[in-house]
Amino acid sequence: MRANFRMQRLFVSQPLNAGEAFEATSDQFNYLANVLRMADGTDILVFNGRDGEWRAQLSYPTRKKILLTAIEQTRPQPATPDLHYLFAPLKVGRMDYLVQKAVEMGAGLLQPVMTQHVQGKITNLDKLRANVTEAAEQCGILAVPEVMEPVKLKDLLETWPETRRIIYCDEGDEGQNPLPILNRIEEKQIALLVGPEGGFSEEERRLLRDHRCVTPIPLGPRILRADTAAVAALAVIQASLGDWK
């Protein structure tokens with residue numbers, strides 16, 4: 001079922017059941033009352049990543065308080081996408097873009113990976129998770145991706161499960177077309193790994209190429225920035241192996 005983009009959507013943490021009301025947080029109150037200036041009785045869409053999407057009615061029991069009452073479910077809760085997105089953090093701003101696009105493109109889990117040439121830092125996971133939630137609100141997604149703690153590339157590979165294939169963008173690959181490589185992959189569980197702006201080190205490329213669960217792919221004849229490469233790779237993976245098929 002397609003999302004309704006004519007109504008405002010809001011992520012909430014409370015359970016959603018017909019007829020039950022809950023109080024908006026202070027940040028939500030400011031957004032709904034002062035930014036959007038929503039009137040008493042306005043309908044909005046709410047979701048919590050567990051109970052599907054619901055139409056809720058807004059009310060003001062006091063001037064400083066908003067209650068949201070769940071009226072009816074508008075969309076059932078879908079399964080969380082199984083595509084894992086592994087990425088070397090970029091600088092602020094570009095990493096926000098990268099995370100938003102990963103959510104839009106159907107990533108179900110986001111894993112920051114620290115590499116030798118990484119340029120960005122993960123200093124606030126709550127901010128990163130808020131960015132994920134905002135992206136889900138804006139693009140109609142109900143299954144909010146999980147954000148994991150950063151991990152070093154070597155440690156990630158040492159504990160990687162054999163059932164999930166890692167596809168990584170190799171700027172040093174001599175080919176141009178990723179599709180023949182992707183079409184040979186038999187695993188159903190997939191992860192995409194996108195490196196830092198400076199690329200993987202030679203040591204990291206050896207680790208990746210020697211790992212039994214890793215497949216390198218090229219991304220055409222042009223050199224792409226890391227955030228552009230992420231979107232391009234997510235698109236070809238979803239088209240060849242994912243939920244676009």
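Mentor: Let us start with Cys213, which counts as buried at 3% relative accessibility. Please keep in mind that this is a predicted model.

Trainee: How far is the sulfur of Cys213 from the closest cysteine sulfur?

Mentor: The closest one belongs to Cys169, and the separation is 18 Å. A disulfide requires two cysteine sulfur atoms within 2.5 Å, so the sulfur of Cys213 is too far away for a bond.

Trainee: And how many disulfides are there by this rule?

Mentor: The count is zero.

Trainee: Changing topic, what is the strand order in the open sheet?

Mentor: Five strands are arranged as β1-β3-β4-β5-β2, with mixed pairing. At the edges are β1 (9-11) and β2 (21-23), each of which pairs on one side only. On average, neighbouring strands of this sheet are turned by 40° against each other, direction ignored.

Trainee: In which sense do β3 and β4 pair?

Mentor: Strand β3, residues 43-47, and strand β4, residues 53-62, are antiparallel and share five bridges. Within this pair, Leu45 stands opposite Arg55 of β4.

Trainee: Which helix packs on the sheet?

Mentor: That is α3, residues 125-139, which touches β1 and β3. The direction of α3 makes about 150° with that of β1.

Trainee: Where is Thr42 placed?

Mentor: Thr42 is in the loop between α1 (26-35) and β3. With 23% relative accessibility, Thr42 counts as partly exposed. The side chain of Thr42 also reaches the backbone oxygen of Ala39 at 2.7 Å.

Trainee: What does Thr42 touch, not counting residues up to four places away in sequence?

Mentor: Thr42 touches Ala56, Gln57 and Leu58. Thr42 and Ala56 are 14 residues apart along the chain, and their C-alpha atoms are separated by 8.4 Å.

Trainee: Finally, how many residues are in the largest nonpolar core?

Mentor: It has 36 residues, and those with the most contacts inside it are Tyr85, Phe87, Val99, Leu110 and Leu192. Among the elements that each supply at least two residues of this core are β6 (83-87), α2 (94-104), β7 (107-114) and α3. Apart from this core lies another, of 17 residues, including Val12, Ala33, Trp54 and Ala70.

Trainee: What does Leu110 touch?

Mentor: Leaving out residues up to four places away in sequence, the contacts of Leu110 include Tyr85, Phe87, Val99 and Val132.

Note on methods
Residues numbered from 1 in each chain as written. Predicted model: local features only at pLDDT ≥ 70, side-chain atom pairs only at ≥ 80, totals over all residues. Heavy atoms only, no water. Pairing = 2+ DSSP bridges. Helix = DSSP H or I, 4+ residues; strand = E, 2+ residues; numbered from the N terminus. Axes fitted to C-alpha atoms, helices over the stretch in contact; angles between N-to-C directions. Contact = heavy atoms within 4.5 Å. Buried < 20%, exposed > 50% of the residue type's maximum accessible area, 1.4 Å probe, protein only. Core = buried A, V, L, I, M, F, W, Y, C linked by side-chain atoms within 4.5 Å. Polar contact = N/O pair within 3.5 Å; in protein donor to acceptor, adjacent residues only side chain to side chain.
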